[in-house]
Amino acid sequence: MTVKTKRILSTVLMVIPAIVLVTGGVMKLLGAEPASVMQFLIKSGFGNYIKALGITELIIAALLLYPVTNKTGFLLATSYFGGALCLEISGAQPFASAVFLSILWIAMFLRSREMFLPLSMANSQ
């Protein structure tokens, strides 16, 4: 696979979780989340933090999509989706976050393999 092809594929894959973050963030800020999602978040103890979660999702999506900060965005998005996955597991919900987490990791692996190497190996390449 050529470098250009990897770059295009990683960008397309990176946009998928970013769209999920933007959509979720906007819906939380507008109060347009489905009732089932809102009930689950309230039951999980996040009722007072819905707007903060929405703003957080938008910031992470922006960091993820901006080339200079996409590594920071990747780490934050991984943490966010990981936390969401923990909530899904504890609440016996479908593991949707695992799908987006996997897509995100594949995208970053294609874009920047040094993110996944020990520091000593990354410096030697």
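Helices (H or I, at least four residues) and strands (E, at least two) are DSSP runs, numbered from the N terminus. Read along the sequence, the pattern is α-α-α-α-α-α. This is a predicted model, in which local features need pLDDT of at least 70 and side-chain atom pairs count only at pLDDT 80 or more, while totals for chains, interfaces and linings use all residues. Residues are numbered from 1 along each chain as its sequence is written, and side-chain values use heavy atoms, with hydrogens and water left out.

Display the C-alpha trace next; along its principal axes it spans about 50 × 25 × 20 Å. Of the 125 residues of the protein chain, 29% count as buried. Buried means under 20% relative accessible area, exposed over 50%, and partly exposed in between (1.4 Å probe, protein chains only).

Now select residues 50–65, which form helix α3. The 16 residues of α3 should span 22 Å at 1.5 Å a residue, and the end C-alpha atoms are 23 Å apart, which agrees. The expected span of a helix is 1.5 Å times one less than its number of residues.

Within α3, colour I50, L53, G54, E57, I60, A61 and L64, which are buried. They cover an arc of only 130° around the axis, so they lie on the same side of α3. The arc is that of the directions from the helix axis to the C-beta atoms. Which helices do the buried residues of α3 pack against? They pack against α1, α2 (35–43), α4 (70–90) and α5 (96–111).

Move to K28 in helix α1 (residues 3–30). Is K28 buried or exposed? At 8% relative accessibility, K28 counts as buried. Leaving aside neighbours within four places in sequence, K28 is in contact (heavy atoms within 4.5 Å) with E33, L41, I50, K51, L53, G54, E57 and Y80.

Return to α3 and select L65. L65 is partly exposed, with a relative accessible area of 45%.

Finally, select A92, in the loop between α4 and α5. A92 has a positive phi of about 55° although it is not a glycine. At 71% relative accessibility, A92 counts as exposed.
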